[in-house]
Amino acid sequence: MAKMEVKTSLLDNMIGVGDMVLLEPLTEETFIHNLKKRFDHNEIYTYIGSVVISVNPYRSLPIYSPEKVEDYRNRNFYELSPHIFALSDEAYRSLRDQDKDQCILITGESGAGKTEASKLVMSYVAAVCGKGAEVNQVKEQLLQSNPVLEAFGNAKTVRNDNSSRFGKYMDIEFDFKGDPLGGVISNYLLEKSRVVKQPRGERNFHVFYQLLSGASEELLEKLKLERDFSRYNYLSLDSARVNGVDDAANFRTVRNAMQIVGFMDHEAEAVLEVVAAVLKLGNIEFKPESRVNGLDESKIKDKNELKEICELTGIDQAVLERAFSFRTVEAKQEKVSTTLNVAQAYYARDALAKNLYSRLFSWLVNRINESIKAQTKVRKKVMGVLDIYGFEIFEDNSFEQFIINYCNEKLQQIFIELTLKEEQEEYIREDIEWTHIDYFNNAIICDLIENNTNGILAMLDEECLRPGTVTDDTFLEKLNQVCATHQHFESRMSRCSRFLNDTSLPHSCFRIQHYAGKVLYQVEGFVDKNNDLLYRDLSQAMWKAGHTLIKSLFPEGNPTKINLKRPPTAGSQFKASVATLMKNLQTKNPNYIRCIKPNDKKAAHIFSEALVCHQIRYLGLLENVRVRRAGYAFRQAYEPCLERYKMLCTQTWPHWRGPARAGVEVLFNELEIPVEEYSFGRSKIFIRNPRTLFKLEDLRKQRLEDLATLIQKIYRGWKCRTHFLLMRKSQIVVAAWFRRYAQQKRYQQTKRSALVIQSYIRGWKARKILRELRHQKRCEEAATTIAAYWHGTQVRREYRKFFRANAGKKIYEFTIQRIMQKYFLEMKSKMPSLSPIDKNWPPRPFLFLDSTHKELKRIFHLWRCKKYRDQFTDQQKLIYEEKLEASELFKDKKALYPSSVGQPFQGAYLEINKNPKYKKLKDAIDEKIIIAEVVNKINRANGKSTSRIFLLTNNNLLLADQKSGQIKSEVPLVDVTKVSMSSQNDGFFAIHLKEGSEAASKGDFLFSSDHLIEMATKLYRTTLSQTRQKLNIEISDEFLVQFRQDKVCVKFIQGNQKNGSVPTCKRKNNRLLEVAVP
């Protein structure tokens, strides 16, 4: 036998008992205590054989991560701790590998976590199946169908903030590889009565609140809705807002999910229009009105709501108004029209709202099915997920609870049948003798409800169809007559009561002994809810709607297809749906998830034993355990059993070489386990009593401790031996390295000595050769010198007579020429850079070249300046000319000048041509604007400043208001005589005007600007260009300014400023204006 991989087990590190089949002793108290113990340790899943019990934790737990998915993927069901992923994986692998269709039945009461459980199953299957673009699209559509159905089919109840108010069964279809192809959804019994009325503390369906909270203002206006919940009678206000629920965000999620599933934009809009119409139907109110013939009729109070509904649905207002006021009854060839009183009108309105919404929900399910159905015709494998309401026992139980409990009776029946069938098939497959198991068969209860002759549903249909006066009381009387002798039926007048007249039962009630307990039903409303009657006038009015979707929802309203046959009742429709569901489930391999709600407060860490006990009883969980352990409580394949317990037998430890079954037989014989406690199947060992399994676990635990001690002992010995051998090996290595180091050191010393001797010898030889070379060189140089002197003497003798007269002059000219030649050649290589600001120049080599040297320096500087100027554009030349002008005017005169050198002159700081604010100002000026800047104009009276726009054009100087752009003053440049400013670091300047000119009527201008240097320079250049006269620029710390008829002295002083470095201006007296400069 190949060595198996050692894996963990359900029995390892178990908190409580992971499988209730192993619970000992089995009582209701121990069952609840085990659930509570596991719940307190965040173990919310427990098994009953292959059934998963799920306790809602009411909080997020870190047990659904992708890592957890991988942990449970392709693992045996009992290999790891109980988890919903284990059941999902078992079902998926059976479908994929064994070609068995599967169904997962999820039951439990509202708030127990059924919807979340179904989502977890679908998300796990989506995670472990195949990948690919097409497969991922199918998976995404299947998963995104949930938000759509939850929005339209779920509501907030007192028990659950997201309670499913309909039953859902989804068949997920797979190909032969196990990749999803599509799905089909079936819905059962939508609680449409919630549309018109909700119990206290509960809400209507989510979609109404999501639409009003999340829709845009434009969409609400289009749907003729308002965001205020209190405007709609169908919405309860006491719990309109739910803590932790964002309806606006959920609305966006639903719209996105509809798009992913495949809804077209116009389809989604049509759905929302129907929802809006249902919401507005509740606002229609009626008032009584008496006719001449004495009959009562009803009229609509306010027709505005009716008008808006008709505009939404495309129905003629008169047609719908008549349908709310009259009812037409057809019998053969006769038509009788009767008026509706106020109560009947309200009934008709609510019936229309309920039918419209329920039919819309059915249309949504069919539309989703069209999108997610498999596109291929190949044979498909199917996994069904049933998320349906659990058994309900309320204080007041009506028709809805009756048929819900009927459905749960059928599910319990099929659960018992399939569980026993699965047990029996396994016993036969393993060749184990099958023993009969006694259990309660609830078929008698199902027959009481669904019998076609005298069942409760049949009698309810018969009562609804018979002529004459039909009430809930006549229906109860019929039940008392037909079902009086049934042992599971009780009423006040039934014969099964303790007395002839059972006073413990209220009037108008009957009681049924279900498998989960007795339930008292209020008979009031049974007949009306079973009839589910919608007047034909309303159906026909809906069929006449211009709204395509609404028209398709009411095909019976077509006058050409009038069917006088009464439509099937709600009870008969549900009975047929349940029969179809049961037939479907019986063709599949079942997997069960039983959901339990730990408390009524929807709070974490609270475990109400009384509430859990109630659910355990009506879910029949104890009976499930008894059925499972009626024969053998535990069974396991031989290989994992031998792998787990082989250490308990000397013959099987550590390795067993034979078949696994033989090894298990040897193991059990050596442990002396009684033969009646176990049986050997074909591939599994069956253990009858959990005590036997716990005994094996105790022995294994003790043996593991002994083996751990043995392993520790062997490990310590191995560790010490290993340490000794390592030390010995290390000593040998250290010795070898030391000997190597000593030899290397000795060799290096010998090598260094040899190198020293060699260097001394080479030095002696080199010095000897050097002496010889020097002697040879001196000899050669001496011979050359003697020859040169001799030749010189010969030449002088030969040519003395030719050069005696001009020899000195020629030698001088020749020498000067050579020096000049050398000077220019050296200058070529020593020239400085071409930057005009580079002051470097090579020194002159001779004194007589001083003037030449200076002239060359001047010429070179002029040349490189010209080269630099040639690079300028016309714009740059203009800027530099302005900068040069500013230098001539202000350098060493105005303290503000140095800070302006590095700032470019821009001129147009306000961008009047681009700013729409100054459009009016731009239109008023025809000339080119040279300067556009905001300046502070100094008030002549108090020295305070006002912001003005300073504009300089070719001919004029203008001042305009900064806010309005209106021109305040216009001065021709010919009237400007002088500009005055201080020598200090401030921006104040005065513009003096020609006396007697029109512009000078109010006197001179005194300004303050951050761009004083630029403005004065441009004003100077512009004035010079236009008038051919230089503008006088006066720089002085005191100057006179003409203010109307008075002359005021402006004086600049040094002072400490409160506001930092900003100069301030203050009027001292009538003749003095003082400017304090920091």
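Me: Which residues are buried in α18?
Reply: In α18, the buried residues are Asp537, Leu538, Ser539, Gln540, Ala541 and Met542; buried means under 20% relative accessible area, exposed over 50%, and partly exposed in between (1.4 Å probe, protein chains only). The helix spans residues 536-543, where helices (H or I, at least four residues) and strands (E, at least two) are DSSP runs numbered from the N terminus. This is a predicted model, in which local features need pLDDT of at least 70 and side-chain atom pairs count only at pLDDT 80 or more, while totals for chains, interfaces and linings use all residues. Residues are numbered from 1 along each chain as its sequence is written, and side-chain values use heavy atoms, with hydrogens and water left out.

Me: What is Leu320 in contact with, leaving aside neighbours within four places in sequence?
Reply: Its partners include Leu538, Ala541 and Met542, as well as Leu306 and Ile309; contact means heavy atoms within 4.5 Å.

Me: New topic: which salt bridge does Lys381 form?
Reply: The Lys381 side chain meets that of Asp99 at 3.9 Å, N to O; a salt bridge is a side-chain nitrogen of Lys or Arg within 4 Å of a carboxyl oxygen of Asp or Glu. Lys381 lies in strand β12 and Asp99 in the loop between α3 and β3, so the pair ties together parts 282 residues apart in sequence.

Me: Is Lys381 buried or exposed?
Reply: Lys381 is buried, at 7% relative accessible area, whereas Asp99 counts as partly exposed at 37%.

Me: And how many salt bridges are there by this rule?
Reply: The count is 45.
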